[in-house]
Amino acid sequence: MGSSRPVATLLKHLGVSALVAEEFNSLFLRNAINNGLPAVTVPDVRNHIDEGDELTVHLSQGWLSSGDVRIEFAPLPRMVLDILDAGGLIPRLVRDGYLPEEQKAAAVR
């Protein structure tokens with residue numbers, strides 16, 4: 001019980017590089033993106049991918065693959081890709097000059 005907000009940061013800390021699921025709670029999805037953790041919704045994915053499979057995920061083109069399996073999904077919007085490329089929302093705002101550099105250090109703590 002409690003807030004799900006720290007989960008995306010924890011998953012990144014544990015080495016998770018992206019999340020793939022049939023659906024996400026909208027708050028969790030936005031929190032993951034804001035923390036620089038890619039998360040994509042892929043309908044019916046669990047019928048094609050098994051736990052432990054290694055995936056290649058192409059966020060801007062909208063596909064993932066594992067072995068001979070290739071599944072298409074809606075590509076992420078440019079704004080979301082920009083946030084992910086920067087490492088999260090706060091780093092993007094710092095990079096683009098909307099926040100001072102100190103904000104980035106404070107957000108990482």
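Q: Which residues have the most contacts inside the largest nonpolar core?
A: Keep in mind that this is a predicted model. The largest nonpolar core has 14 residues, and V42, L64 and L76 are the ones with the most contacts inside it.

Q: Which helix gives the most to this core?
A: Helix α3, which spans residues 78–86, gives the most, with 4 residues.

Q: What does V42 touch, not counting residues up to four places away in sequence?
A: To read a contact list, look for partners that lie further off in the sequence. V42 touches V20, A21 and E22, and also L64, I71 and F73, with residues up to four places away left out. L64 is also named beside V42 among the residues with the most contacts inside the largest core.

Q: Which residues does the second core include?
A: The second core is separate and has 8 residues, including A8, L19, F28 and A39.

Q: How many helices and strands are there in the protein, and in what order do the elements run?
A: Start with the count: the protein has 5 helices and 5 strands. Then read the order from the N terminus on, which is α-β-α-β-β-β-β-α-α-α.

Q: What can be said of the protein as a whole, such as the box its C-alpha atoms fill?
A: Along the principal axes, the C-alpha atoms fill a box of roughly 45 × 35 × 20 Å. Of the 109 residues, 30% are buried. The accessible surface comes to about 7400 Å², and carbon and sulfur atoms hold 51% of it. Contacts can also be sorted by sequence separation: among those between residues at least 6 apart, 30% join residues at least 24 apart.

Q: How many aromatic pairs are there, and what are the distance and angle?
A: A pair of aromatic rings is described by the distance of the centres and the angle of the planes. In this structure the count comes to 1 aromatic pair. It is formed by F24 and F28, with 6.0 Å centre to centre and 20° between the planes. The pair counts as stacked because planes under 30 degrees apart are given that label.

Q: Are F24 and F28 buried or exposed?
A: Both F24 and F28 are buried. F28 is also one of the residues in the second core.

Q: Which residue lies over the face of W63?
A: R70 does, at 4.3 Å from the ring centre.

Q: How many salt bridges does the structure hold?
A: Side chains of opposite charge can pair when their charged atoms come close. This structure holds 5 salt bridges. One of them joins R78 and D85, with 3.3 Å from N to O. R92 pairs with D96, where the closest N and O atoms are 3.4 Å apart. D96 also meets R95, at 3.0 Å from N to O.

Q: What are the relative accessible areas of R78 and D85?
A: R78 has 49% and is partly exposed, whereas D85 has 58% and is exposed. The labels differ because the cut-off for exposed is over 50%.

Q: What of R92, R95 and D96: what is the relative accessibility of each?
A: R92 is partly exposed at 21%. D96 is partly exposed at 35%, and R95 is partly exposed at 47%.

Q: Where does N35 lie?
A: N35 is in the loop between α2 (26–34) and β2 (39–41). With a relative accessibility of 25%, N35 counts as partly exposed. Leaving aside neighbours within four places in sequence, N35 is in contact with A8, T9, K12, G87 and G88.

Q: How far apart are N35 and R70 in sequence and in space?
A: They are 35 residues apart in sequence, and their C-alpha atoms are 27 Å apart in space. R70 is the residue placed over the face of W63.

Q: Where is N31, and is N31 buried or exposed?
A: N31 is in helix α2. At 14% relative accessibility N31 counts as buried, because the cut-off for buried is under 20%. Not counting residues up to four places away in sequence, N31 touches S4, R5 and A8. A8 is also among the contacts of N35, and A8 belongs to the second core.

How values were computed. Residues are numbered from 1 along each chain as its sequence is written. This is a predicted model: local features need pLDDT of at least 70, side-chain atom pairs count only at pLDDT 80 or more; totals for chains, interfaces and linings use all residues. Side-chain values use heavy atoms; hydrogens and water are left out. Rings of Phe, Tyr and Trp (its six-membered ring) pair if their centres lie within 6.5 Å; planes under 30 degrees apart count as stacked, over 60 as edge-to-face and the rest as tilted. Buried means under 20% relative accessible area, exposed over 50%, partly exposed in between (1.4 Å probe, protein chains only). A charge sits over a ring if NZ of Lys or CZ of Arg is within 6 Å of the ring centre and within 35 degrees of the ring normal. A nonpolar core is a set of buried Ala, Val, Leu, Ile, Met, Phe, Trp, Tyr and Cys residues joined through side-chain atoms within 4.5 Å. Helices (H or I, at least four residues) and strands (E, at least two) are DSSP runs, numbered from the N terminus. Contact means heavy atoms within 4.5 Å. Accessible areas come from the Shrake-Rupley method with a 1.4 Å probe; for residues, only the protein chains shown count as cover. A salt bridge is a side-chain nitrogen of Lys or Arg within 4 Å of a carboxyl oxygen of Asp or Glu.
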